[in-house]
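I would ask you to keep the structure in view while I speak, as I shall refer to residues by name and number.

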Amino acid sequence: MRSKSPELMDKILKFAEEYYLDNGHSPATSAIAAELGISRATAYRYLIEMDDRGMVEYDGQEIQTAVTKKLNSEINRTAIVGSVPCGAPQYEEESIEEYISLPTAIFGKGEFFILRASGQSMIEAGIDDGDLVVVRKQNVADDGDIVVALVDNQNTLKRFYRDEENEKIILHPENKRMKDIVVDGCYIQGVACHIIKAL
C-alpha cells in the first residue's frame with residue numbers, strides 16, 4: 001500500500017474540525033471527498049490510517065479530534081425568523097432565514113428563536129440596527145425585561161413595564177428621542193437574553 005500523504009492528513013483533520021464547528025457534527029466521507037477532490041474510498045482509507053496513528057478517533061461514522069472532544073456537544077438548533085422592529089410596531093417576517101446552533105454552555109437550555117433588529121429605538125440598550133437578538137420563548141416577563149411583544153398583531157422589541165395604578169403596559173424604547181408605547185395589554189412572545197452584534 002502506498003504511504004499516506006502527511007499534507008492530505010492535515011487537510012482532512014483541519015476540514016473535519018472546521019466542519020464540526022460549523023455544523024455540530026463530523027463530516028461524512030463524501031463531504032471530505034468533495035472538499036478535497038479525492039474519492040470517498042481514499043477519504044475512508046486516510047481516516048482509518050489517521051485513527052491508527054492517533055491523529056483522530058474514527059469509528060466508521062464519527063470523527064473525533066482533540067479539538068472536537070473539547071466542544072460542548074449540547075446545542076440548541078435555533079431559527080433566525082426575520083426581523084423585529086425597534087421603532088413603531090411592525091409585522092414580523094415569519095419566514096425562517098436559516099438555522100444556527102447555539103451552544104448550551106453559553107446560551108443555556110430552553111427554546112429560543114433569533115430576530116434581526118431593525119431601527120434605532122433600542123440603541124441605548126446596546127441593540128443596533130442589524131444585530132441578532134436571541135430570544136427565549138416565554139409568555140411572561142418581569143419589569144425591565146426586553147421583550148418581543150405582540151400588539152394588535154404586530155411585533156416590537158421594547159423594555160417591558162407594568163403600570164399597575166393605571167392597569168396599562170408600557171413598552172419603553174431605549175432611545176431618549178422616542179416615546180413610550182402605552183397599551184392595555186400585549187402578548188409576550190419571548191424575552192431577549194443575548195445580543196449578537198452585526199459585523
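Let me begin with the aromatic residues. The model before you is predicted, and a search of the whole structure finds two aromatic pairs in it. In one of them, the ring centres of Phe 15 and Tyr 19 are 5.7 Å apart and the planes stand at 55 degrees, so this pair is tilted. The reasoning here rests on the cut-offs: planes under 30 degrees apart count as stacked and those over 60 as edge-to-face, with the rest called tilted. Both Phe 15 and Tyr 19 belong to helix 1, residues 6-23, where they are four residues apart, about one turn of the helix. Are these two residues buried or partly exposed? Phe 15 has a relative accessibility of 13% and counts as buried, because the limit for that class is under 20%. Tyr 19, with a relative accessible area of 21%, is partly exposed.

I turn to Tyr 44 and Tyr 58. Their ring centres lie 6.0 Å apart with the planes at 70 degrees, so this pair is edge-to-face. Tyr 44 is in helix 3, residues 40-53, and Tyr 58 is in strand 1, residues 57-58; the pair therefore ties together parts that are 14 residues apart in sequence. As to accessibility, Tyr 44 is partly exposed at 41%, whereas Tyr 58 counts as buried at 10%.

One further contact involves an aromatic ring. Lys 4 lies over the face of Tyr 46, at 5.7 Å from the ring centre.

I come now to strand 7, residues 146-151. How many of its six residues are buried? Five of them are, so the strand is largely enclosed by the rest of the structure.

Which strands does strand 7 pair with? With strand 8, residues 154-163, the pairing is antiparallel and extends over six bridges. Within that pairing, Val 151 has Gln 154 as its bridge partner. Strands 7 and 8 form a hairpin with two residues between them, and Asp 152 in the turn has a positive phi of about 50 degrees. With strand 11, residues 187-196, strand 7 also pairs in the antiparallel sense, here over four bridges. The bridge partner of Ala 149 in strand 11 is Ile 188.

To close, I would return to strand 7: it is antiparallel to strand 8 and to strand 11, with five of its six residues buried. Thank you for your attention.

Methods. Residues numbered from 1 in each chain as written. Predicted model: local features only at pLDDT ≥ 70, side-chain atom pairs only at ≥ 80, totals over all residues. Heavy atoms only, no water. Buried < 20%, exposed > 50% of the residue type's maximum accessible area, 1.4 Å probe, protein only. Pairing = 2+ DSSP bridges. Phe/Tyr/Trp six-rings, centres within 6.5 Å; stacked < 30°, edge-to-face > 60°. Lys NZ or Arg CZ within 6 Å of the ring centre and 35° of its normal.
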